[in-house]
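Here's a quick tour of a ligand and the protein around it.

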Amino acid sequence: MEGVWFQELQTKNLSIGCSVKEVLLKQQTDFQKLQVLDTDIWGRMLVLDGAIQTTIEDEFVYHEMITHVALNTHPNPKRTLIIGGGDGGAIREMIKHDTVEKATLVEIDKAVIEAAKKYLPEISVAIAGNNPRVEVLVEDGIKHIKEKENYYDIVIVDSTDPVGPAVGLFAKDFYAAIHRALKDDGIFVAQTESPFYNKDLIRRVFKDISSLFPITKLFTANVPTYPGGLWSFTMGSKVYDPEKLDMSKLRKLDTKYYTPEVHKASFVLPKFVGDLLK
Ligand code: SAM
């Protein structure tokens, strides 16, 4: 191996690496170690505490799937929330839905927002300008959600892995607070890590969300820079079933990964993943 390489220890026995053209930013924020690297294979990349968060080359998969599956399941999402997601990719996708009147982003670490604005303009486009439909709040998502009741149509949890300030974003009382913050027909989606390497977390989160929401479903997408590639998302819905939609009536969106067919197919689980939920 020549030159400078970045290596992420994805589990204690597994690492992923790539060659680095340039280190654009390296700082210790109040919450985490933040890096922006320009890589040969994935372009610019945001790294927090050594873990890849998003890259220019593959970000569309995760950001489209964490938002559009939920938003297209809801017939009229107006007030929507993202907890985490300070890079801005998920909120960029959210406002592609014309029904959305106000999309709020609650990120705990201002430095992530600032770094994304400066180094990842393609991803942060919606939070960089003065878009009147977008609200950006720098605060703890757990505190924010506890202060709301019967308020949001959609809540998306776009968190870091369950360490540091994100631990509480995987807790049952947090999901209960989200259930309260949602309207009577609200929908919630969280990124729930790798079906290969986070089996216990997926099982536990699915059980917790099922105890609160009558419709709970797991769906997946392929994100090359995340551990194992196959990534899971868990949805809790009060009324609408994401698999019982008239796919021909879904809002048409300008996307690179998400389509009505992908929406439907994302709920078809490999056997070992489905078995986690039994
Ligand atoms: N897509 C990414 C992934 O799965 O690797 C996550 C992207 S986004 C950068 C995650 C964000 O969640 C981070 O910027 C982090 O600061 C934020 N975060 C962590 N805990 C939080 C909390 N309690 N409230 C709000 N934001 C939080």
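Which strands each supply at least two residues of the shell around the ligand? That would be β5 (51–55) and β7 (102–107). Keep in mind that this is a predicted model.

Zooming out a bit, the ligand lies between two domains, because domain 1 (4–55) and domain 2 (59–276) both give residues to its shell. It also sits in the largest pocket.

As for who's around, 24 residues surround the ligand, with Q32, E107, D140, G141 and Y226 the closest. Sorted by class, the shell has ten nonpolar residues, eight polar ones and six charged ones.

Now for some polar pairs between ligand and protein:

| Residue | Protein atom | Ligand atom | Distance |
|---|---|---|---|
| Q53 | polar side-chain atom | oxygen | 3.3 Å |
| G141 | polar backbone atom | nitrogen | 2.9 Å |
| Y226 | side-chain N or O atom | nitrogen | 2.9 Å |

And how much of the ligand does the protein cover? On its own, the ligand has 600 Å² of accessible area, and the protein covers 99% of that.

Key
Residues numbered from 1 in each chain as written. Predicted model: local features only at pLDDT ≥ 70, side-chain atom pairs only at ≥ 80, totals over all residues. Heavy atoms only, no water. Near = heavy atom within 4 Å. Polar contact = N/O pair within 3.5 Å; in protein donor to acceptor, adjacent residues only side chain to side chain. Areas by Shrake-Rupley, 256 points an atom, 1.4 Å probe, with all protein chains shown as cover. 1 Å grid on protein atoms, 1.4 Å probe; cavity = no way out; pocket = protein on both sides within 12 Å on 5 of 7 lines; lining within 4 Å. Sits in = over half its atoms within 2 Å of the grid points. Helix = DSSP H or I, 4+ residues; strand = E, 2+ residues; numbered from the N terminus. Nonpolar A, V, L, I, M, F, W, Y, C, P; charged D, E, K, R; others polar. Domains from an automatic or database assignment.
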